Amino acid sequence: MLSSMNKNVQCTAWTGIVSTLLSNGRTSTSLFKLKIGNDSKTSNHSKGSNETKKLKEVDVIIWDECSMISKTALETADFVLRDLPDSPFSFGGKRIVLGGDFRQILPVIRRGTKTDLINNCIKNSYLWNQFQKFSLLDNMRIINADANWIKFLLDVGDGVANDYEDRVTLLEGLPVLEDLVDDVFGGSNKGKDTFVPRITCYEDKNLPFHLKRTQFPVKLAFAISINKAQGQSFGRVGLYLPEDVFAHGQTYVALSRARSKNELFIKSTSERLFNVVYKEIL
Ligand SMILES: Nc1ncnc2c1ncn2[C@@H]1O[C@H](COP(=O)(O)OP(=O)(O)OP(=O)(O)O)[C@@H](O)[C@H]1O
């Protein structure tokens with residue numbers, strides 16, 4: 001819509017994986033030339049460079065997964081954009097659209113305490129009050145509009161599903177894998193050659209003969225961390241939690257990646273999942 005209004009739009013996101021999901025997306029570090037390793041407090045941007053000239057022509061910046069942006073990075077972006085035309089206005093007068101959900105993962109701060117994380121959230125920036133807030137209320141990812149599941153996910157994200165030990169009890173009917181991974185690849189077979197049994201599949205019942213195929217029940221899958229999964233949707237998710245999560249939003253992000261409750265399989269040490277929620281920033 002913005003492009004049809006002849007607006008020059010640049011999409012950006014904090015992580016590489018999310019920026020690849022956006023049309024013409026770039027990582028925020030690359031767009032604003034943020035220096036990493038110092039909390040992104042400074043930028044390498046140089047006024048005469050071609051990149052800077054291109055950034056100057058941008059009208060609207062759409063910055064996704066904003067819960068992951070650190071306050072310092074947002075403020076550095078403000079500084080960079082003000083510096084382009086020497087503008088007194090925030091972000092050099094450009095329109096900034098932040099998208100995100102503060103139930104999700106926050107900026108990563110090595111050995112950061114809860115206070116460090118909360119202080120470095122963009123909600124604590126001097127810029128936050130300049131944004132107008134809009135709420136998206138419908139969960140469009142869940143394909144079968146399972147109201148119980150949608151409510152459960154929100155309760156996990158808001159921390160209201162937590163019990164006295166900050167654990168959430170999974171809804172009944174959610175498959176919890178007890179021993180599949182261990183049986184096949186670990187557990188008593190750890191370190192040994194393991195035989196994966198072939199299974200017989202019968203297919204194409206309309207054929208004039210009986211087609212039988214024998215296959216290994218193995219399919220290519222990819223393992224990624226919960227943090228990397230943020231921003232993505234998957235048809236089928238196996239959540240492997242040999243240890244508790246440790247950061248705000250991780251349980252919510254992990255549980256909410258699948259399009260349906262039936263496509264989420266969990267292997268965990270407990271059916272009561274640990275859930276870290278900093279209610280101060282919701
Ligand atoms: N308007 C829509 N109509 C139909 N399906 C939609 C719509 N918007 C989103 N979806 C579905 O929901 C999925 C998630 O959407 P999207 O990635 O935009 O959500 P998000 O708010 O960025 O999620 P998150 O931040 O939790 O990753 C999409 O892959 C798509 O399948």
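## Cavity lining

Lining the largest cavity are Arg 167, Leu 241, Glu 243, Asp 244, Val 245, Ser 268, Thr 269, Ser 270, Arg 272, Leu 273 and Phe 274. A cavity here is a set of points on a 1 Å grid over the protein atoms alone where a 1.4 Å probe fits but cannot get out, and lining residues have an atom within 4 Å of a point. By class, the lining splits into 4 nonpolar, 3 polar and 4 charged residues.

The largest cavity holds about 60 Å³ of space, the volume being what is filled by probe spheres set on the points. Searching the whole structure turns up 1 cavity of 30 Å³ or more.

## Model notes

This is a predicted model, where local features need pLDDT of at least 70, side-chain atom pairs need 80 or more, and totals for chains, interfaces and linings use all residues. Numbering runs from 1 along each chain as its sequence is written, and side-chain values use heavy atoms, leaving out hydrogens and water.

## Around the ligand

Around the ligand sit Glu 65, Gln 104, Met 140, Arg 141, Gly 231, Ser 233, Arg 257 and Arg 259, counted when a heavy atom lies within 4 Å of it. That shell has 1 nonpolar, 3 polar and 4 charged residues, with Gly classed as polar.

Now the polar contacts (pairs of N or O atoms within 3.5 Å). A polar side-chain atom of Gln 104 is 2.9 Å from a ligand oxygen, and a side-chain N or O atom of Arg 257 lies 2.9 Å from an oxygen atom of the ligand. Gly 231 uses a backbone N or O atom, 3.5 Å from a ligand oxygen.

Methods: Polar contact = N/O pair within 3.5 Å; in protein donor to acceptor, adjacent residues only side chain to side chain. 1 Å grid on protein atoms, 1.4 Å probe; cavity = no way out; pocket = protein on both sides within 12 Å on 5 of 7 lines; lining within 4 Å.
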